[in-house]
There are 2 protein chains.
Amino acid sequence: MRYIDEQAVEKIAIGAAVLGTGGGGDPYIGKLMAKEAIRKYGPVKVITVDELKDDQLVVPVSGMGAPTVTIEKIPSEQEVTTPLETLEKALGKKVDVVMPIEIGGINSLFPIIAAAKKGLPMLDADAMGRAFPEAQMVTFHLDGFEPAPVTMADEKGNAVVLYPKNGVWSERLARALTIEMGGSASVCDYSLLGRDVKTSVIPNTLSLAERIGEYLLDNEVKEQERMNSMLKELKGYRLFEGKIVDIERRLSGGFTRGMATFEGIRNDNGRTFTLYFQNEHLIAKEGDKLLCTTPDLIAVLDAETGFPITTERMKYGARVAVVAFPCHNKWRTPKGIETAGPRYFGYDFDYTSVEELQKERS
Amino acid sequence: MRYIDEQAVEKIAIGAAVLGTGGGGDPYIGKLMAKEAIRKYGPVKVITVDELKDDQLVVPVSGMGAPTVTIEKIPSEQEVTTPLETLEKALGKKVDVVMPIEIGGINSLFPIIAAAKKGLPMLDADAMGRAFPEAQMVTFHLDGFEPAPVTMADEKGNAVVLYPKNGVWSERLARALTIEMGGSASVCDYSLLGRDVKTSVIPNTLSLAERIGEYLLDNEVKEQERMNSMLKELKGYRLFEGKIVDIERRLSGGFTRGMATFEGIRNDNGRTFTLYFQNEHLIAKEGDKLLCTTPDLIAVLDAETGFPITTERMKYGARVAVVAFPCHNKWRTPKGIETAGPRYFGYDFDYTSVEELQKERS
């Protein structure tokens, strides 16, 4: 993968919706914006972590907010690049490379728009290996890097530079501003030099997203085979197949929170399953039995096509396959689990890996 | 008034509590901090608007938040000067003069602390001629000046630079951050050059506050005479004397909002009065009859000593004299009334000056 063209955007959008575990912002809007940016400014050059130079300034560009809002409050091109420009002004330095802070949903596509417009290369890596709802849930935070200066912008023309005390305060202040800005905003945080970025990011996740998109869009093979190729690539599991019989979603604290209940179909007939989410899917259960928990990945796919369905697009009656993948090992360290494990989100149980949970189950 | 020493701080604190119309932050904490700063760094030089040079950078330093919080979450010296330093960094320019954004309460004292610590002169003027609860309620806003860059800090070590679209967005974003920071924060906004400041501020309000303090602290004369001297100086009126029989206060949207009910005492025996406030006193009524409304000033004084009582220090059973003063003419323009008149605060009636209301009454 050397350049991102319009076709690559199509694939990345699909793959990132899988890795986004239901969140990361609706990729549909991002896809349209990224394709438009590539038409206007040309394809985006991609560089690998190995190609990164030690003194290059690498800047993650992302959208913050509740996905429920993003699908109605569409970001402007200006909104995506203003944090980058505000950052350059604050640092008195030019940005060399942009990267996605998370590979999930719209946030895999935001940096493509910024890179295209600014004529900058994009790094094939991210700082989550998935999507997470909060700003400090990044490998940079796990590795002790600080987010400041954090820059933000909205579509109304407001811009901000934050010098938060640490990653958690960055999340708190940026979230408060995002809510005030109308529920969504664009952000640059954890701008680091190449030498630091190399030690901390999860490499090749942009090409991984593209590859997943390739599997799921492959018209030459049957739907179930497409899904199987993806599961194999991600070392994943089918948790269950079901029909959505209840869905509860509310906007709270700047997040889309809620739960979905499923009646099993096909092999899972007669069984009941539940998913809990905060922007992203966090927990999958059958009755009281845990099937998978954050930081491992949970994705909801259309039962027929294998196409991913984001939390805000889940609808009563939809027939879905719910799958799970192991997270990157960085999330399985004590700091990783403290930062994004079930207890952080208020659940009263410890993390158990999806591999172990599946072994118990079979 | 050429220098502010510890004695001057005592007087300013009293006078500013009167002009603060119940708000502007509790001056007690600010007084202790300002006196401590003067002991540590020496008296603060005061300059008049006439002495201001056209190219001097004048920076208002203030505290934002609910007074209810400030009396418990005491600001640090560092918190008061960090916005100034963050501003210098953002502008790449040194600050020449500090000034109070409002003459009310703690915000008349915050800039004294900053000026002492930084060895800068302080301007004898402010941008309200009183205290108001919201950041855009300043003469700078009435005169079309923009607040950006707005800098903020808290006691935890967080700092922020805002580039808000306009004065109203400055208030919204800064208020959201203040709430997240724990209910109070320090702010620099509307940093302007001397040539602009001259055209917009209300001059000599710092010496006015000191003079009021002088009257009320004058042990040579009787209490009622002290109050009369102050009323004469401010062209004010006694609205009523009463005992607080009910007080309702709540923290909402980052403000202390509420109302107080009074049973008349002395000449007002048998009558009932009400005050409505949002940090500052906004409306005084007898039954349905309006006695005084924002932007004119309402102050609650101890019935015996004439000492001002802030909204958060009002207590059941307290015997008080409630007085009112005409606001500066800038607040009586259409833009002034639109910005800080009763309708802005959600009251369904037009502004009538306290002079007219008093004429009707007598």
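Chain A of this predicted model contains twelve helices and 18 strands, where helices (H or I, at least four residues) and strands (E, at least two) are DSSP runs numbered from the N terminus. Residues are numbered from 1 along each chain as its sequence is written, while chains are lettered from A and ligands numbered from 1 in the order in which they are written. Because the model is predicted, local features need pLDDT of at least 70 and side-chain atom pairs count only at pLDDT 80 or more, whereas totals for chains, interfaces and linings use all residues.

Along its principal axes, the C-alpha trace of chain A spans about 60 × 45 × 35 Å. The radius of gyration of chain A, taken over C-alpha atoms, is 19 Å, which agrees with the value near 21 Å that a compact globule of 362 residues would have; the globule rule used here is 2.2 Å times the number of residues to the power 0.38. Of the 362 residues in chain A, 60% are buried, a residue being called buried if 20 or more other C-beta atoms lie within 10 Å of its own, exposed if 12 or fewer do, and partly exposed in between, with C-beta atoms placed from the backbone. Two residues are in contact if their C-beta atoms, placed from the backbone, lie within 7 Å, and among the contacts in chain A between residues at least 6 apart in sequence, 75% join residues at least 24 apart.

Chain A is divided into domain 1 (3–205) and domain 2 (222–361), with bounds that come from an automatic or database domain assignment. The C-alpha centres of domain 1 and domain 2 of chain A lie 25 Å apart, and the contact takes 30 residues from domain 1 and 27 residues from domain 2 of chain A. On the side of domain 1 of chain A that touches domain 2, the elements giving two or more residues are helix 1 (6–19), helix 3 (67–70), helix 6 (139–142) and helix 7 (167–180), and the largest share, four residues, comes from helix 1 of chain A. This side of domain 1 of chain A has 14 nonpolar, 13 polar and three charged residues, where Ala, Val, Leu, Ile, Met, Phe, Trp, Tyr, Cys and Pro count as nonpolar, Asp, Glu, Lys and Arg as charged, and the others, Gly among them, as polar.

The contact between the chains takes 17 residues from chain B and 17 residues from chain A. On the side of chain B that touches chain A, strand 8 (159–163) and helix 7 (167–180) each supply at least two residues, and helix 7 of chain B gives the most, with seven residues. By class, this side of chain B has eleven nonpolar, two polar and four charged residues. Since 100% of the interface residues of chain B are also interface residues in chain A, the copies meet through the same surface. Strand 8 of chain A and strand 8 of chain B pair in the antiparallel sense over five bridges, two strands being paired if DSSP finds at least two bridges between them, and Ala159(A) stands opposite Tyr163(B).
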